[in-house]
Amino acid sequence: MGGYRFDNVHVQMNLGQRRKVSGNFAVDRGSFYNGDKTTISASRGRMGAGSRLSFEPLYQLNVVDLAEGSFTNQLIGSRVTYTMTPLMFTSALVQYNSSSHAVSANVRLRWEYRPGSEFFVVFNEDRDTLARRFPALANRAFIVKINRLFRP
């Protein structure tokens, strides 16, 4: 079995949370298998809508040039967080992937019911946007998790 070596240059600019526009902006350029890949991304931005609600947009553009052909992929999404109390919040991550033509959502509720002990309720769903009717269900999961910190 052979291996692959990837060389990459990464340039990133981080804007602090106190600015009107904050987040990470990055460009990557380098080798990718028998070709090249360029990635442009904007992430970790945060827009507050009051003290309890926030939005974190995400965008990633990948341009891949291979001997077999070229393709472009876009990942667009946002995380929305609503904080009910300092110990309880709900967040939703919604994304669209242009290569797989899929919309995915991850919604979770987190409650720290005692220090170090948490209760989670998570809902995941993936939908195919190429289906003939409204994006067809591809995958769905409902998860409940509880952990407890035991102290001696």
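Leaving aside neighbours within four places in sequence, which residues is Ser54 in contact with?

## Ser54 and its surroundings

In this predicted model, Ser54 is in contact with Arg46, Met47, Gly48, Arg79, Val80 and Thr81, once its neighbours within four places in sequence are set aside. Ser54 itself belongs to strand S5, which covers residues 53-66.

Is Ser54 buried or exposed? The relative accessible area of Ser54 is 3%. Ser54 therefore counts as buried, since that class is set at under 20% relative accessible area.

## Phe71 in strand S6

Strand S6 spans residues 69-85, and Phe71 is part of this strand. When residues up to four places away in sequence are not counted, Phe71 touches Asn62, Val63, Val64 and Leu66.

The relative accessible area of Phe71 is 39%. Phe71 is therefore classed as partly exposed, because this class lies between the limits of 20% and 50%. With regard to distance, Phe71 and Leu137 stand 66 residues apart along the chain, and 26 Å separates their C-alpha atoms.

## Salt bridges

Side chains of opposite charge can pair when their charged atoms come close. How many salt bridges does the model contain? The count comes to 6 salt bridges.

One of them joins the side chains of Asp7 and Arg5, with a distance of 3.1 Å from N to O. This pair counts as a salt bridge because the cut-off is 4 Å. As for accessibility, Asp7 is partly exposed at 41% relative accessible area, whereas Arg5 is exposed at 68%.

A salt bridge also links the side chains of Glu125 and Arg127, where the N to O distance is 2.8 Å. Glu125 has a relative accessibility of 14% and so counts as buried, the limit for that class being under 20%.

## A network around Arg110

Which residues are linked with Arg110 in a network of salt bridges? The network consists of Arg110, Glu112 and Glu118. Within the pair formed by Arg110 and Glu112, the closest N and O atoms are 3.4 Å apart.

Arg110 has a relative accessible area of 15% and is buried. Arg110 thus takes part in a salt bridge with Glu112 while being classed as buried.

How values were computed:
Residues numbered from 1 in each chain as written. Predicted model: local features only at pLDDT ≥ 70, side-chain atom pairs only at ≥ 80, totals over all residues. Heavy atoms only, no water. Buried < 20%, exposed > 50% of the residue type's maximum accessible area, 1.4 Å probe, protein only. Helix = DSSP H or I, 4+ residues; strand = E, 2+ residues; numbered from the N terminus. Contact = heavy atoms within 4.5 Å.
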